[in-house]
Structure formats: structure tokens, C-alpha cells
Amino acid sequence: MLSVSDLQVSYGAISALGGISFKIEQGSIVTLIGGNGAGKTTTLRTISGLLRAKTGKIEFLGEDITALAPHKIVARGLCHVPEGRMIFSNLTVDENLAMGAYLQTDAALIAKNRDYVFSIFPRLKERLKQTAGTLSGGEQQMLAIGRALMSNPKFLMLDEPSLGIAPRLISTIFEKIVEINKHHGITILLVEQNANLALEVSSYAYVLETGRIVMEGESKKLRADPQLKATYLGG
Amino acid sequence: MSEFLQQLLNGLSLGAIYALIALGYTMVYGVLRFINFAHSDVFMVGAFIGYYVGKLVPEGTLWGGMIVLIASMVGCAILGMTIERLAYRPLRGAATLNVLITAIGVSLLLEYSGQVFFGAAPRTFPQIFPSANFSVGGLVISTNQLAVILVAVLLMIGLQFIVYRTKIGTAMRAVSLNPKAAQLVGVNNDVVISFTFGLGSALAAAGGILYALNYPSIDPLMGVMPGLKAFVAAVLGGIGNIPGAALGGLILGTVETFVNGSQWSTYKDAIAFAILIIILLFRPAGLLGKFTVEKV
């Protein structure tokens with residue numbers, strides 16, 4: 001579904017991604033794990049068009065999207081839930097969801113997606129008229145995912161959904177991520193620092209270190225890998 | 001008492017014009033985080049479009065006046081979008097200082113092109129709307145003043161509707177808050193920015209027409225002083241804040257009119273800048289601006 005080949009990205013003279021390649025199959029949950037500064041966020045930002053690749057190619061559903069503007073990539077069904085959530089804090093929950101459906105024109109589909117969002121995050125329905133900035137961290141993450149679902153995506157990229165969220169909400173949010181994948185057939189690329197959690201919900205994983213993929217494999221196998229255990233899974 | 005009310009009325013009608021111009025400064029600042037110094041010259045071009053279109057329609061009729069107003073607003077909306085497309089868009093992502101200097105360049109270009117095409121000598125703006133004075137309880141109200149207040153109020157209600165009730169308005173607020181997040185939900189930021197310039201420039205054009213109705217001598221440098229004051233009004237209300245710009249304009253116009261009517265009338269232009277200095281010292285975010293706190 002998504003195929004990235006030899007992707008290189010740099011910030012000025014500093015190289016952030018030194019030529020990475022990976023593939024993601026339709027219907028799967030794939031995770032990208034790695035420490036701070038490994039290039040996880042850079043990878044997602046380049047795929048969604050916020051950053052430009054120096055070289056390399058990104059193909060989505062068989063078409064080259066490397067040079068497309070972000071809004072055109074969203075229109076193709078690839079939606080990025082950014083790190084730090086980036087909800088519109090001075091807009092209401094309702095307006096945030098409406099912004100999520102910015103490119104949707106089919107009112108019936110918008111209503112259906114809204115109902116779906118409320119069915120997985122009932123909390124959002126209770127807070128519809130509330131300013132998004134006043135929500136708790138966990139609720140803001142729900143809103144960020146809900147807003148992305150409003151764009152009727154085929155492919156969802158989640159950047160650190162566990163960041164800054166109360167531990168009790170983290171498991172709820174990860175359950176919902178699995179549910180979105182299972183029942184809605186949305187393919188998911190998950191970026192996480194919490195490698196344990198990420199390997200638990202995903203089927204395949206790539207390990208990123210200073211801009212290169214150093215290891216890949218089925219999540220189950222990686223969880224048992226002694227080297228990975230020592231580095232990322234806390235022994 | 002009646003003198004006070006009279007001055008208040010004069011002040012509010014001047015303030016309404018400042019408010020219309022200030023809205024353009026504040027909206028552009030909201031989406032691009034820079035001060036569009038060419039905005040005051042769009043105001044001037046608005047008055048000149050009104051001058052030339054005003055010659056084509058009969059003077060002193062309501063429909064003629066409306067045609068002049070709308071033609072000028074449409075003309076300036078196109079001008080504003082063209083300026084953004086040609087001068088500012090190529091600098092997207094560049095340092096703010098570069099854009100700011102470009103804005104000063106565009107401003108000078110418009111002012112001196114105006115001298116080439118319109119001539120440097122002042123011209124008399126036609127009386128496009130029906131003209132009459134009537135007195136209500138000792139107050140003298142001119143139809144021009146009424147036109148100012150009526151048009152300004154209607155435009156601000158319209159703007160409020162666009163910004164808070166339409167999809168493009170919600171997108172404007174979203175882009176202003178977080179341009180990256182707006183892109184990620186599928187907003188084409190260039191379209192929103194272009195729309196913002198068009199909207200702001202149309203309001204400046206209306207301001208130009210209304211200003212010229214009350215001060216009917218127009219020339220290519222006429223935008224400089226009202227433009228600066230409207231900029232102060234935008235800062236006073238809280239730059240980037242739309243209701244703030246309207247409030248700032250009204251306050252500034254009223255204060256200026258009262259100073260002008262007092263023994264310190266020499267300082268009527270200085271007062272705006274005194275207010276600017278005070279606001280920057282004591283409340284740099286402006287009256288309605290706030291430092292937003294983001295929850296993480």
C-alpha cells in the first residue's frame with residue numbers, strides 16, 4: 001500500500017534520514033521504533049508532504065506522491081496525526097472535527113464518519129461545544145485521531161500517540177487504534193518511543209537508528225530479540 | 001453635552017474607518033505573522049477606483065454609490081490577491097524580515113505608481129451618495145457619516161459571519177493557529193492566505209471610499225497616515241485578533257477626534273503613537289489579545 005524507497009532527508013547540512021526503504025501492506029499495523037532523533041518523525045513528515053525528500057521515492061497505492069503538497073496527499077486517503085497532537089486549540093471540538101472533514105463533500109459520509117468517531121470516543125460527543133484547548137491530554141489525543149478519521153482515510157500515520165497521556169488512557173487509546181484497524185480496515189503506521197506497546201499491537205516493525213533502518217521483522221520475533229530487548233525494551 | 005455627543009459621533013465614524021483598515025492588518029498578521037505595510041496603499045487605490053468609477057455613475061444616488069463601493073472592493077480584492085501572489089508567496093518560508101522589507105517595497109511601488117498614473121495633485125472625490133444634513137436633538141448628522149457607520153457595521157457583521165460560520169473562515173482560524181496542522185487535514189494554505197488578502201483588501205477599499213466621502217481630497221499618499229493609525233489600532237486591540245481590531249479602531253478614532261476638538265489639537269496625530277508606546281509598554285498583547293497557553 002505504501003512503499004518508501006531510498007528516502008533521504010536533511011535539515012540544511014544535517015542529514016536526518018540516510019536512505020531508508022520500507023513497505024507497508026494493506027490492512028496491517030506496522031510500527032517504526034527507535035530512540036530520540038532516530039528520524040521517526042522526519043519519516044512521517046516527509047511521507048505526508050510537510051518535508052521534502054532530497055532523494056528517494058514514496059509510492060502510495062501504486063502512485064508516486066513524493067512531490068505532492070500535503071493537502072493533495074490527504075485527499076488520496078493518507079492522513080497524518082502529528083506528534084504533539086496539533087489540534088486547533090482555540091476551535092471547539094465540533095469545529096475541529098469539521099476541519100478534519102475539510103476535503104469531504106459527501107454529507108452522508110461525513111455524518112457516518114462522525115458517528116463512527118463518537119462510537120469509539122464517546123467522550124468527544126460529550127464535549128462537542130468545548131474549546132479543544134481545555135481538553136485533557138488524553139482527550140486531545142482522541143480528538144486528533146477523531147479529526148483524522150473524519151478525512152475518511154485509508155491509511156493513518158500516528159506519531160507518538162502515548163506521549164504526555166495519563167497511563168490509564170494509553171491502553172484505551174491503543175485498544176481503539178487496534179479497533180480502527182480491525183473493524184474499519186484502515187492501515188496504520190505507528191511511531192512510538194514506547195517500544196513494548198508498539199510491538200504488542202503491530203504485526204511488523206522497523207527499528208530506526210540515526211536515520212537508518214537497523215533491524216526489521218515480525219513484531220513477535222523482535223520482542224524476543226535479545227539485542228533489541230537490551231536497547232529498547234528495558235532488558 | 002450635545003458637543004460631547006457630536007464629537008463622539010464624529011469620533012466613532014472616523015474610528016469605523018480605522019477599524020475597517022485595521023481588520024486587514026490583523027487578518028494578514030493572523031495567517032502569515034507579518035505586517036503588510038502595503039495595506040495602507042490598497043486603501044488609497046480603493047479611493048482612486050472609487051473616484052474613477054464615480055465619474056461613470058450619476059452623483060448623489062444610492063445605487064450609484066453602491067456600485068462605486070462594490071467596484072472598489074472587488075478591484076482591491078483582486079489587487080490584494082495579486083500582491084500576495086507576486087510579492088509574498090515566493091518568500092513563503094523565508095525570514096519574516098525579508099517579507100517585511102518586501103512589504104515596504106510594495107508600499108512604495110504603489111504610492112509612486114499612483115503618482116505616475118493618478119498624478120501627484122490632490123483630486124476632489126465626488127459626492128457619490130445622496131448628501132444631506134439633519135439635526136436630531138442638537139446633533140448634526142450628515143448622510144456621509146451615516147453611510148460610514150452603516151457600511152462599516154454591515155461589513156463587520158458580514159466578516160464575523162465569514163470567519164465564524166463558514167468553512168473557509170474556520171480554515172482561516174485554523175491556519176492562523178497552526179499552519180502545519182491545517183495542511184495535515186487537507187487545507188490548501190495558499191488558497192486560504194489568498195482569500196485572506198482578498199477579504200482584507202476589500203475592507204480597506206471600503207475604508208478608502210468612506211474616508212474619501214468625509215475627507216474628499218484624495219492623493220496617492222493619502223493612505224500613509226490612516227494606514228499607520230489603523231496599524232496602531234490593530235496593535236491596540238491585539239494584533240491577530242479580529243474583534244480587537246474593530247475595538248482598537250473605534251477607540252483610536254474617538255480619542256483622536258476628542259484631542260482634535262480640544263486645546264491640544266496640534267497633537268491629534270501624535271496621540272495615536274503615544275497610545276502605541278503605552279500599549280507596547282504595559283500590555284504588549286493588546287486589549288483583547290492574550291498569550292495563549294497550550295496544554296501538553
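User: How are helix 2 of chain B and helix 8 of chain B oriented to each other: parallel, antiparallel, perpendicular or oblique?

Analyst: This is a predicted model, in which local features need pLDDT of at least 70 and side-chain atom pairs count only at pLDDT 80 or more, while totals for chains, interfaces and linings use all residues. Residues are numbered from 1 along each chain as its sequence is written, chains are lettered from A and ligands are numbered from 1 in the order in which they are written.

Two packed helices are described by the angle between their axes and the distance between the axes. Helices (H or I, at least four residues) and strands (E, at least two) are DSSP runs, numbered from the N terminus. Axes are lines fitted to C-alpha atoms, for helices over the stretch in contact, and angles run from 0 to 180 degrees between N-to-C directions. Angles under 35 degrees count as roughly parallel, over 145 as roughly antiparallel, 65 to 115 as roughly perpendicular and the rest as oblique. The axes of helix 2 of chain B and helix 8 of chain B come within 7 Å and cross at roughly 55 degrees; the two helices are therefore oblique to each other.

User: How many residues of helix 2 of chain B are buried?

Analyst: A residue is buried if 20 or more other C-beta atoms lie within 10 Å of its own, exposed if 12 or fewer, and partly exposed in between, with C-beta atoms placed from the backbone. In helix 2 of chain B, 15 of the 18 residues are buried, and the helix is mostly covered. Helix 2 of chain B comprises residues 39–56 and reaches 26 Å from its first C-alpha to its last, close to the 26 Å expected at 1.5 Å a residue (1.5 Å times one less than the number of residues).

User: How is helix 1 of chain B oriented to helix 8 of chain B: parallel or antiparallel?

Analyst: The axes of helix 1 (residues 2–32) and helix 8 (residues 189–214) of chain B come within 8 Å and cross at roughly 165 degrees, and the two are therefore roughly antiparallel. Helix 1 of chain B passes helix 8 of chain B in a left-handed crossing. The residues of their contact divide into 17 nonpolar, five polar and no charged.

Helix 5 (residues 143–165) of chain B packs against helix 8 of chain B at an angle of about 170 degrees, with the axes 9 Å apart. That makes helix 5 of chain B roughly antiparallel to helix 8 of chain B. This contact divides into nine nonpolar, two polar and no charged residues.

User: How many residues of chain B are in contact with chain A?

Analyst: 17 residues of chain B are in contact with 25 residues of chain A. Helix 6 of chain B gives the most to the side of chain B that touches chain A, with five residues. That side divides into eight nonpolar, five polar and four charged residues.

User: Is Gly100(A) buried or exposed?

Analyst: Gly100(A) is buried, with 31 other C-beta atoms within 10 Å, and is found in helix 3 of chain A. Leaving aside neighbours within four places in sequence, Gly100(A) is in contact with residues including Arg147(A) and Val185(B).

User: What is the phi of Arg85(A)?

Analyst: Most residues other than glycine have a negative phi, and most peptide bonds are trans. Arg85(A) has a positive phi of about 70 degrees although it is not a glycine. Arg85(A) is buried, with 27 other C-beta atoms within 10 Å. Thr210(A), also not a glycine, has a positive phi of about 35 degrees. With 14 C-beta neighbours inside 10 Å, Thr210(A) counts as partly exposed.

Definitions and conventions. A crossing is left-handed if the near helix is turned anticlockwise from the far one by less than a right angle, and right-handed if clockwise. Ala, Val, Leu, Ile, Met, Phe, Trp, Tyr, Cys and Pro count as nonpolar, Asp, Glu, Lys and Arg as charged, and the others, Gly among them, as polar. Two residues are in contact if their C-beta atoms, placed from the backbone, lie within 7 Å.
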